[in-house]
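The paragraphs below go through a structure step by step.

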Amino acid sequence: MKRADMLARIAERTEPWDIVVVGGGAVGAGIAVDASSRGLAVLLVEREDFGKGTSSRSTKLVHGGVRYLEQGNISLVMEALKERGLLLRNAPHIVHDLPFVVPNYSWWEAPFYGIGMKVYDLLAGKYNFGKSRVLSLSETLERLPTIQREGLRGGVLYHDGQFDDTRLLIHLLATAADHGATLVNYTEAVDFVRDEAGFVAGVVLAEREAHTRYTVRAKVVVNATGIFTDDTRRLAEPGAAAMVSPSQGIHLVLDRSFLKGDNAIMVPRTSDGRVLFAIPWNDRTLVGTTDTCIDLPSYEPLPFEEEIEFVLETAREYLSRPPARADVLSIYVGIRPLVSAPGGGEAKTSALSRGHTIHVDNSGLLSIVGGKWTTYRRMAEDCVDHAIMLGALAETPCVTAELRIHGYQPDRDRRPLGVYGSDAAGIRAIAAERAEYAARLHPDLPYIVAEIVWGVRHEMSRTLDDALARRTRALLLNARASIAIAPRVADLMAAELGRDAAWALQQIATFTALAQQYTLDPVAASTAAASAAPASTAAVAE
Ligand SMILES: Cc1cc2nc3c(=O)[nH]c(=O)nc-3n(C[C@H](O)[C@H](O)[C@H](O)COP(=O)(O)OP(=O)(O)OC[C@H]3O[C@@H](n4cnc5c(N)ncnc54)[C@H](O)[C@@H]3O)c2cc1C
C-alpha cells in the first residue's frame with residue numbers, strides 16, 4: 001500500500017467509482033474488502049489515520065457478547081458467534097481463542113453462570129471455540145494464580161476470541177488493496193457532488209499533506225464514519241436528525257504480573273451490578289471497560305475521574321495484588337457509535353442495542369452505523385448489498401465468508417512478529433538490511449526498529465502517532481516508554497519519508513503532548529478532572 005500511488009490513481013481516474021467509502025475504521029475497511037472482492041471499483045478515504053477513531057480502542061475481543069445473552073438478544077449473539085468463527089478461520093494469524101474464567105464467590109454462581117455458558121456454547125454451534133465447564137477451587141486457582149482468594153469457591157470456564165484491532169484493520173485494508181481497491185489516509189470528505197436531480201453523485205476530498213483537492217464521482221457514496229456519522233450526513237442534509245448516541249469506554253493497561261497465566265477474568269456483576277474484564281494482552285493486563293453517555297464525539301477523549309476510580313476499585317476486589325494509579329502503564333479511551341433509541345432520549349447507553357443500522361438519506365447518501373468490531377464482515381455484506389441495489393451496480397455475490405485475510409497463515413505464531421502473519425518475512429528482510437533495524441526500540445516494549453520502517457514503507461504510516469499507536473501498539477502498552485522513544489522513531493520516519501529535522505521536532509512535540517494523556521501523571525489527570533461530568537456511567541463487557 002503506497003500512498004503516492006493511491007493518490008495518483010485518484011487523480012487519474014475519469015470514470016465514476018462504483019463505491020466511495022468515507023471512513024477508514026473497521027466498518028469502512030470491511031466494506032472496501034467486500035466490494036473489491038466482488039469486483040467493484042472502490043475508493044476509501046480516511047480523514048485522519050486508518051483506525052484513529054474507535055477501531056483502535058476496543059477491548060480486543062472477538063466475541064458473541066455474553067452480556068447480550070443475559071439481555072435475551074439471542075439473534076445478535078448468534079450472529080456475532082458465527083462471525084467470531086469466520087474470523088478465526090480467515091485470519092488465524094491475528095485472532096485466537098482465549099479462555100475466560102468467571103470467578104465464583106457465592107454458592108449460586110456456579111450453577112447460574114455454568115448454565116448460561118452452556119447456552120452460549122450451544123448458540124455457537126459448529127463455530128464453537130471450546131467447551132465451557134464449571135471449575136473446582138483448585139482448577140480456578142491454577143488458571144488464575146493472582147485472583148483474590150478470600151471467599152473464592154470456584155469458577156466457570158468459557159471461551160471467546162481475542163485479536164489486535166489495528167493489525168486486523170491494516171490487514172483488511174491490505175486485503176482490499178490486493179483486490180484492487182484504492183485507499184488513502186489523511187484525506188477528508190469535505191463536501192458532496194450532486195447530480196442534476198440533486199442526489200449525491202460524488203465527493204469533494206481535501207488531502208491534508210499536500211493540501212490538494214480532488215473531486216471524485218461515484219455511483220454510490222457510503223458513509224462509514226462511526227461516531228461522526230451525523231456530521232457526515234449533515235454535509236449532505238444540514239437538518240438530518242441524529243442517528244448516533246456516543247458512549248465512552250476506558251481501559252487501564254497494567255503490568256502482566258497482575259494477571260498471571262493465560263486466562264482472562266470476566267466479572268459479570270460487580271458490586272454495583274456492572275461488568276468488567278481483566279485480560280492478558282501483549283504481555284500486559286488490560287482492565288475495562290465503562291459505558292458513559294457523552295454529548296460530543298472526539299478523537300482523543302479524556303477519561304472521567306469516576307471511570308478510572310471504578311475500574312481500579314473493581315480490579316482491586318478481584319486481584320490479589322491491588323493495582324494503584326502508579327501501576328497504570330497506559331490508559332486509552334474510545335467512543336462507541338451506538339445507534340440511538342427510536343425517538344432518541346436514551347440516557348443509559350449500556351441499554352442501547354449493539355446491532356447495526358443502514359440508512360439512506362433523501363440525498364441518496366448510504367450510512368451504516370453501530371454493530372461492533374466482531375460483526376464488521378456481516379455489516380459490510382449488508383451494506384454492499386444495499387449499495388448494489390441503490391447504485392444499480394453489477395449483481396455479484398459476497399465472497400468474504402470464505403476470503404482469507406491478508407497475512408493469512410494457518411496457525412497462530414506466538415513468536416515476535418507472529419501477528420503480521422506472512423508479512424513477518426518482509427519485516428525480517430528489513431531487519432537484515434542494517435544491524436540497528438534488528439534492535440529493540442525500548443527494553444519495556446516488544447517492538448524492533450524494522451517494524452517502524454515496514455509501517456512507513458508498506459502500511460502508510462505517516463506520523464509518530466500512526467507508528468506508535470496503531471502500526472505498533474507501543475502507546476497502549478506503555479505510554480512513558482513511548483514518549484522516551486519518540487525522538488528516535490521521529491528520526492527514523494523522517495529519513496524514510498524524506499522529511500527534515502523541523503518535521504521531526506514538531507512530531508515529537510505533538511506526540512509527547514498526546515502520549516501524556518495516556519498516562520495517569522498529574523498533568524493529564526488534572527485535565528481529566530477538569531472536564532465535565534458524564535451524563536451516566538456503567539461498565540460493560542463489550
Ligand atoms: C471502549 C470500547 C471497547 C470496545 N470493545 C470491543 C470489543 O472488544 N469487540 C468488539 O467487537 N467491538 C468492540 N467495540 C466496538 C468497536 O470498536 C466499534 O463498533 C468499531 O470499531 C466501530 O468502527 P467504525 O468503523 O464504525 O468507526 P471508526 O473506527 O470510528 O471509523 C470511522 C472513521 O471515519 C473517519 N471519518 C470521519 N469523518 C470523516 C470524513 N469527513 N472524511 C473521511 N473520514 C472520516 C474517522 O476519522 C474514523 O477513522 C468497542 C468499542 C469501544 C468504544
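A polar contact is a pair of N or O atoms within 3.5 Å; within protein, one must be able to donate a hydrogen and the other to accept it, and residues adjacent in sequence count only if both atoms are side-chain atoms. This is a predicted model, in which local features need pLDDT of at least 70 and side-chain atom pairs count only at pLDDT 80 or more, while totals for chains, interfaces and linings use all residues. Residues are numbered from 1 along each chain as its sequence is written, and side-chain values use heavy atoms, with hydrogens and water left out.

An oxygen atom of the ligand lies 3.2 Å from a backbone N or O atom of alanine 26. Taken alone, the ligand exposes 1,000 Å², and the protein buries 99% of that; accessible areas come from the Shrake-Rupley method with a 1.4 Å probe, and for residues only the protein chains shown count as cover.

Helix H2 (26–37), strand E8 (187–194), strand E11 (244–255) and strand E16 (330–339) each give two or more residues to the shell around the ligand. Helices (H or I, at least four residues) and strands (E, at least two) are DSSP runs, numbered from the N terminus. In total 37 residues surround the ligand, the closest being Glu46, Ser55, Leu61, Tyr299 and Thr374; a residue is near a molecule if one of its heavy atoms lies within 4 Å of it. By class, the shell has eleven nonpolar, 18 polar and eight charged residues. Here Ala, Val, Leu, Ile, Met, Phe, Trp, Tyr, Cys and Pro count as nonpolar, Asp, Glu, Lys and Arg as charged, and the others, Gly among them, as polar.

On a 1 Å grid over the protein atoms alone, a cavity is a set of points where a 1.4 Å probe fits but cannot get out, and a pocket is an open set with protein on both sides within 12 Å along at least five of seven lines; lining residues have an atom within 4 Å of a point. Grid points are joined across faces, edges and corners, and a volume is the space filled by probe spheres set on the points.

The largest pocket has a volume of about 1,000 Å³. Its lining has 39 residues, and Trp281, Asn282, Asp283, Arg412 and Arg414 lie nearest its centre. Strand E4 (96–104) and strand E13 (276–281) each give two or more residues to this lining, and E4 gives the most, with four. The lining divides into 16 nonpolar, seven polar and 16 charged residues.

The whole structure has six cavities of 30 Å³ or more. The largest cavity has a volume of about 110 Å³. Among the 14 residues that line it, Leu172, Tyr376, Arg377, Thr400 and Ile405 are the closest to its centre. H4 gives the most to this lining, with four residues.

Two residues remain. Leucine 157 is found in strand E6 (residues 154–162) and counts as buried because its relative accessibility is 3%, buried meaning under 20% relative accessible area, exposed over 50% and partly exposed in between (1.4 Å probe, protein chains only). Threonine 472 sits in the loop between helix H13 (464–471) and helix H14 (474–477). A polar atom of the side chain of threonine 472 lies 2.7 Å from the backbone oxygen of alanine 467.
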